[in-house]
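Let's take a walk through this chain together. Have a look at the sequence and the structure first, and then we'll go through them piece by piece.

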Amino acid sequence: MQLYRFLSADDTSAFCHKVTEALNKGWELYGTPTYAYDEANGVMRCGQAVIKDAPGVYTPDVKLSEQ
């Protein structure tokens, strides 16, 4: 099965660590990163899609963060 996740966080080093952790777990970058102002919270936010091939059959109860 192919898995998809969209990682997002405030524009801090925590976002980079989140993406780095996913890459080290076998996820691959998908598309370009996003960067936008979150007016409600007054911060810049980053986002990056990642994909991964994994064994098994997809069901909605697959915990993507544990893959």
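One term first: a residue counts as buried under 20% relative accessible area, as exposed over 50%, and as partly exposed in between, using a 1.4 Å probe and protein chains only.

A bit of housekeeping. What you see is a predicted model, in which local features need pLDDT of at least 70 and side-chain atom pairs count only at pLDDT 80 or more, while totals for chains, interfaces and linings use all residues. Residues are numbered from 1 along each chain as its sequence is written, and side-chain values use heavy atoms, leaving out hydrogens and water.

Now for the overall plan. The chain has one helix and three strands, and from the N terminus on they come in the order β-α-β-β. Helices (H or I, at least four residues) and strands (E, at least two) are DSSP runs, numbered from the N terminus. The C-alpha trace spans about 40 × 25 × 20 Å along its principal axes, and of the 67 residues, 25% count as buried.

How are the three strands arranged? They make an open sheet with the order 1-3-2 and antiparallel pairing, where two strands pair if DSSP finds at least two bridges between them. At the edges sit strand 1 (2–10) and strand 2 (28–38), each pairing on one side only. Neighbouring strands are turned by 15° against each other on average, direction ignored. Such angles run from 0 to 180 degrees between N-to-C directions, with axes as lines fitted to C-alpha atoms, for helices over the stretch in contact.

Let's zoom in on the pairings. The hairpin of strand 2 and strand 3 has four residues between the strands, and in it glycine 42 takes a positive phi near 70°.

And the helix? Helix 1 (residues 13–24) lies across strand 1, strand 2 and strand 3, running at about 160° to strand 1. As for contacts, meaning heavy atoms within 4.5 Å, 60% of those in the chain with a separation of 6 or more are between residues 24 or more positions apart.

Side chains of opposite charge can pair when their charged atoms come close. A salt bridge here is a side-chain nitrogen of Lys or Arg within 4 Å of a carboxyl oxygen of Asp or Glu, and the count comes to two. In one of them, arginine 45 meets aspartate 10, with the closest N and O atoms 2.9 Å apart. This pair links distant parts of the chain, since aspartate 10 belongs to strand 1 and arginine 45 to strand 3, 35 residues apart. Aspartate 10 is partly exposed too, at 34% relative accessibility. Lysine 25 and glutamate 21 also form a salt bridge, at 3.4 Å from N to O. Lysine 25 is partly exposed at 40%, and so is glutamate 21 at 45%.
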